[in-house]
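Reader: I have a model open and want to learn how to read it. Where do we begin?

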Amino acid sequence: MKPNRPGTPPLPPWADAPHWAAVNHTIGYWLAKRPAAMRRVSRLAGRLQSRMDDLDPQMRALSRSLCHDCAAPCCAHAKPWFDLADLLRLHLCRLPLPPGQPIGSVHERCRYFGPKGCGLPRRIRPWICTWYLCPAMKRALNRNGAESVQRAVAALDTVKNLRRRMETAFIDTLAADVQAGGQ
Ligand code: SF4
Ligand code: SF4
């Protein structure tokens, strides 16, 4: 893929089929190569998935009440993609890998958006798709009281934090391996 020029919108990483296959192969390779060292990464992925599953009923309820009649569905113009933390979670939690990035460029529409909404189960969507609370969702949360908003924001922050820790632990493990000569 061409590198981004300054001032141009960011490009989704691993957007074509060979890069998508390569990044997933590489992640799988490193997880299998150092299973003991990757245990911490794996534990963090398990905690992350569990926090995301905790969020699921609330997000599902919001979607059920709002998305069905939405006049301007966010997915029609969203520009989401899977990042490293998304892929690590999918690999480590043994979840199915989607066939590719949702978009190949910022000019495309998400390939998983269909007449019935998202074609991906929530657990295997990019995190940004769960993280995004549209104005209607925020208003609905607000109607349930400030505490409800605070709880949702705190839960999203916990997920964000676990994603960062898992990704850092993975990179640190790779760095240690490289420093040791990759034996
Ligand atoms: S999340 Fe909000 S903007 Fe997106 S489809 Fe649902 S109601 Fe519409
Ligand atoms: S992956 Fe699913 S939730 Fe995310 S933008 Fe595409 S259709 Fe919407």
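Author: Begin with handedness. A crossing is left-handed if the near helix is turned anticlockwise from the far one by less than a right angle, and right-handed if clockwise. Keep in mind that this model is predicted.

Reader: Is the crossing of α2 and α6 left-handed or right-handed?

Author: The crossing of α2 and α6 is left-handed.

Reader: At what angle do α2 and α6 pack?

Author: The angle is about 160 degrees, and the axes are 9 Å apart. Angles over 145 degrees count as roughly antiparallel. Therefore α2 is roughly antiparallel to α6.

Reader: Which residues make the contact?

Author: On α2, they include Val41, Leu44, Leu48 and Leu55. On α6, Val159, Leu162, Met166 and Phe170 are among them. By class, the contact of α2 with α6 has 13 nonpolar, three polar and six charged residues.

Reader: Now the ligands. Which residues are around ligand 1?

Author: Read a shell as a list of neighbours. Around ligand 1 we find Ser63, Leu66, Cys67, Cys70, Pro73, Cys74, Cys134, Ala136 and Met137. Two elements, α2 (39-66) and α5 (135-143), each give two or more residues to this shell.

Reader: How many residues of each class does the shell around ligand 1 have?

Author: Eight are nonpolar, one is polar and none is charged.

Reader: And what surrounds ligand 2?

Author: Its shell includes Cys75, Cys110, Cys118 and Cys129. Tyr112, Phe113 and Arg125 are also among the residues there. By class, the shell around ligand 2 has ten nonpolar residues, no polar ones and one charged.

Note on methods: Residues are numbered from 1 along each chain as its sequence is written. Chains are lettered from A and ligands numbered from 1 in the order in which they are written. This is a predicted model: local features need pLDDT of at least 70, side-chain atom pairs count only at pLDDT 80 or more; totals for chains, interfaces and linings use all residues. A residue is near a molecule or strand if its C-beta atom, placed from the backbone, lies within 6 Å of it. Helices (H or I, at least four residues) and strands (E, at least two) are DSSP runs, numbered from the N terminus. Ala, Val, Leu, Ile, Met, Phe, Trp, Tyr, Cys and Pro count as nonpolar, Asp, Glu, Lys and Arg as charged, and the others, Gly among them, as polar. Axes are lines fitted to C-alpha atoms, for helices over the stretch in contact, and angles run from 0 to 180 degrees between N-to-C directions. Angles under 35 degrees count as roughly parallel, over 145 as roughly antiparallel, 65 to 115 as roughly perpendicular and the rest as oblique. Two residues are in contact if their C-beta atoms, placed from the backbone, lie within 7 Å.
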